[in-house]
Amino acid sequence: MLSSARSDRRATAILAVLIAAVTLALGLAACGGGAGGGNGGETTVAEGGKAEGELVFSNWPGYIDPGKNGTIAEFEDKTGIKVDYIEDINSNDSFFGKLQPQLEQGQSGGRSLFVVADYMAEQMHDLGYLQEIEKDDLPTVFENILPSLKSPEFDPERKFSVPWQGGMTGIWVDTSKAPEIKSVNDLFDPKYKGKVTMLDELRETPALVMLAEGVDPAKASADEWLAAIDKIKSAADSGQIRRFTGNDYTEDLTAGNIVAAIGWSGDASLIENPNAEWRMPTEGCVRWSENMVIPVGAPNTAAAIAFMNFVYRPEVAADITEWVEYISPVDGVKPILEKNGSELAESEIVFPSDEFTRNCTGQNTPPELDQVNEAWQNVLTG
Amino acid sequence: MRSWKQRLVPYWLLGPGLLWLLFFFVVPMYFMGELALYSGSLTSGGFEFTWAWSNFPDALSGHTEQVVRSFFYAGTATVLCLLIGYPLAYAIAFRAGRYKTLLLFAVIAPFFTTYLIRTIAWKTILSDDSPVVSVLQTLSLTPEGGRVLATSGAVIAGLTYNFLPFMILPLYANLERLDMRLIEAAKDLYSSSRSAFLKVTLPLTMPGIVAGVLLTFIPAFGDYVNAQLLGGTGQAMIGNVIQSLYLNQRNYPEAAALSFLMMALILAIVIVYIRFAGTEAFMGDEDEEGA
Amino acid sequence: MSAPARAWAWVRRNALLIYAGLAVAYMLIPIAVIAVFSFGATPKDKLTFGLDNGFTTEYWRTMFSKPELNEALITSLRLALFATLIATAIGTAMAIALVRHRFRGKRLANLLIVIPMATPEVVIGASLLSMFIYYSFALGFTTLLIAHVMFSISFVVVVVRSRLIGFDRNIEEAAADLGAGPLTTFRTVTLPLLAPGVVSAALLAFALSIDDFVISNFNSGTTVTFPLYVYGVSLRGIPVQVNAIATLLFLLAVIAVGLVLFQQRRAEKMAAVQPEEEPGGPIPLPGTAAAQ
C-alpha cells in the first residue's frame, strides 16, 4: 500500500508538470495578447459607395418598429439589401464586455452597425474600435438632425456617431402613495425609507443627485462626484434606498413595492400601475441618446451608411418613434405624427420642448473615471 | 495480473473528458491567471504584464465582507436544500414506484422556464402587498421593514429554490441503489426508525449527501443573479463583485485575481469538508481498498 | 380512537409523503404563477404580472408568432440536447474510471473535476471568449456547444460517481463467473444498474444548458439562445408569449414522461401478471430482463 501511495504521488506530480508544460507552451504562444491598448490613434474611415449585399445590425430590443410593414422590411424593399437584425444588446457594459476581445483584434463579429449610448460610443472611439464616417456620405442625416443634437461634446462633428433615439432620466412617482415627490432630494426623505429605488448607472444617478445639490455634472470635479456618491452610499447603508436597479424598477412600481424610482421616460408600457407617472425633477433631468456606430472590421460599411441615411427621412423616423415612443433625433417628425392623429405628438416626453429640458444635462463622464467608477461600483456591490 | 490493455482502460475512459477540460478550461484559465498579474487600465494606455502580485491581496482586502456574506448565504441555502431535498429524494426513490421519472422531471422542469421568468414569478408572489407576505407578517417571520424582497432572506430563498435540483438529483442517484432489506434489517435491530435512519441509512447515503452538498454549495457561492434580482442594498455576493469588476469597471486584472482567490477558497473548503465527511464518500477509492 | 387522534396518526405515518408532496408543490409554485399570468391581458402585450386587464387566450394562440422567439427556443433545445449527450457520455466514462480503476494521477484528476464548478461564470465565459478569439475560432453554435459541454462535465461526474461508490461488485463478478466478457457485463449488468445515476446526471446537464445565460452571452456570437432572448427583451418588456411557451415546455416534459409511463403500463398489462416488485430488491440475476 505504501509503495502505491508514493508512486501515486509521484505520478500526480509528473502529470501536473506535463499539464503545466502544455498550457505554458500554449500560453506563451499567446503572450502579449492581453486586453486593452487600442490601436494607436489611427482611425479607419468607413467606405461609402454603392450599398448592396447583407447588413448585420445589432440593436437593443424593442427599439424599432417590427414586422412586414416595419422599417427594416421597408429598407430591404427599397434597397435590396438583406438585413440581419439582431436584438442582442441589453446593457452597454456587457455588450462591450463581450465584444471587446474581438474589437481589440479589429473584428466586429460580422456586425456592420450597432447602437450604443453616448458614453459608450465615446469610449469605443477612444479605444480605436469605431470607424469614422465622411460627412458627405450622410446627406440626409445632417439635413434632418435636430439642431440640439448636431454637435454634442463627445463627438462635436458627428464623425463616428449618429443618434438613433433618445430619452430622459427622471423620477417615476406612484401618485396614489407619494404625490408630493418632485425633486431627487425628496427621495432621501426618511418617510419613504425602503420605498425608493435608484438606477445603477454612474452617469445618471449621481448626476441627478448633483443637480439636486446645485452642482453642474458637466463641470463637476472628481471630488464633487465622490461627494454625491457618498451621499447615496449613506442612504443605501441606512436602508433608505431599497435597491439599485436596471429597468426592473418597473416591476417594483407595478407591484406597489415602492413609491418612487429614478427611471426612464419611455418605460410607460412596462408599468401596469395607473397611478404611476414620470416626472421631470425640479432641478433637471439627464438627457441621453443612443447612437448608431460602425465598428472596425465591419463587412459592409456602405450598407450601414445607407441605413443611417434611410432612417433620417422624417416619414421613416416617424414610424419608428410612433412604435418606440422615445425621442426622435430627426426634425420634422412631430408634424407627421400630428397629421396621423397620434396622441404622441402632444406628449412632452416624446417631444420635449427646450423649455421643458432647460435644466437637463447630458450623460457626462466624470473626471478620473476609474477612481470614481470604482467608488460607485463599491456602493452597488456593498 | 492485468494485461497492458487492461491498464490502459482508465486512460481511454478519462481521455475525452480530460482533454476537453484541458483545452477548454485549463488553457483559458491560464490566460486568466496571466491576466491577474497585469496592471493598468483600459482607458489609460492598456494593460501590461508586470508580475503584479499585489492584485491578489488588494482584491481580497476590498471585499472580505462580500466573501463572508457569500459563505453565509450559500451555506444556509445548502442546508435548506438538504433539509428539503433529502426527504423528497427519499420519497421519489422508494415510494414513487412507477412515477419516479415523472417526479424527477417535475424537479428540473422549472429550469425550462429560464431563470429570469422564475424569479419574476417569485417576486410577484413575494411582493410587499401580496397575501403570502401578509401571512408572514402576522407570523412575525419577515426580517426587516415588514418586507421579504430586497432582504437577505429573499436571496437565500432564491438560492435555495434554484439549487434544489442540484441537491436532489445526486441524492436520488445514490439513494435509489440502497437495498431496502438493509433498512428493514436495521429496523429489526434498532427499536426506533430514527436510530435505524441515523445508524444505517444516513451513513450509507453519505456519498450522495457529499455530492449534493458540493454541487449546491460550490456554484451557489459564486452566484450573482439571485443577489442582483432579489436582493437590495447590502446583499451583494462575491459573484456580483467579480461581475462588476469585469463588466462595469473593466478592471480585468483585479477580476481575474479575485476569481482565483475565490476558487482557491472554495477548494480549501471542499478539501476540509471531504476530510470531515470521509474521503471514501467522495472519491470512493475502492480499488485501493481491495474490497 | 377519536377522529383527531386518528388523523394525527395518519399524518405521522405518511409524514414522508406529505413532506415530499409539500416540497414538490414548493418547486411548482412559480410555474403555476407563470401559467396563470400567461392568460392575463396586458396593454402592450408585454409581461407585467398584473391582472388588471382581464383574461385572454390570445398569447397561447399566438405563441409561435414571433420568429426570433421560436428560433431562440429551437437553438436552445438543440444545444441542450447535444450538450447533454456529449457531456453525459464523457462524464460517465470519467466517473467509472475515477471510482473503479487504479491509475496514476487520480488525485489530480479529481481536483480538475471540481475546479470548474468553483469558477465564477463571468470568468469562464470571458476567458473562453478570449481564447476563441485568439485562435480565430468563429463564434456561434459550435462555441456554445463546447462551452456547455465543458461546464456540464464536472456535474455529471459527481452525480454518476455518487451512485457508483459502494456499488456491489459481486454482481459483476457473478456475471464474469457465468462467462460474460467485460463488455457484455458492462452492457447488461453495470449500465442498467447505473442507469438512474446516468439519467439524473443527464437531466442535470440538460437543465444547466437550457438555463445558461452568462457563459452563453459571451460565447454566442450572433446566435441567440432562449435565455439570451428573454434577458434581451426583458429590457423593453417580455412578450407574454414567453410565459405561454414556458408553461407549454413544462407541460410537454411532464406529458412526455407520462406517455412513457402509460406505455409501460399497457405493456405490463399485456404480458403475464408480474409479481409486485419491491423497490431496491430482490437483486436481479445478470442476464435476466429484471436487471432494472
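**A walk through chains A, B and C**

Along its sequence, chain C reads α-α-α-α-α-α-α-α-α-α-α-α. That comes to 12 helices and 0 strands, where helices (H or I, at least four residues) and strands (E, at least two) are DSSP runs numbered from the N terminus. Please bear in mind that this is a predicted model, in which local features need pLDDT of at least 70, side-chain atom pairs count only at pLDDT 80 or more, and totals for chains, interfaces and linings use all residues. Residues are numbered from 1 along each chain as its sequence is written, while chains are lettered from A and ligands numbered from 1 in the order in which they are written.

Staying with chain C, 48% of its 292 residues are buried, meaning that 20 or more other C-beta atoms, placed from the backbone, lie within 10 Å of the residue's own. Among its contacts (C-beta atoms, placed from the backbone, within 7 Å) with a separation of 6 or more, 79% join residues 24 or more positions apart.

Now to chain A, whose mean pLDDT (the predictor's confidence in each residue, from 0 to 100) is 85, with 89% of residues at 70 or more. Where pLDDT is low, the predicted coordinates should not be read in detail.

Finally, chain B meets chain A through 39 residues of chain B and 33 residues of chain A. Helix 1 of chain B gives the most to chain B's side, with 7 residues.

Conventions: Buried ≥ 20, exposed ≤ 12 C-beta atoms within 10 Å, placed from the backbone. Contact = placed C-beta atoms within 7 Å.
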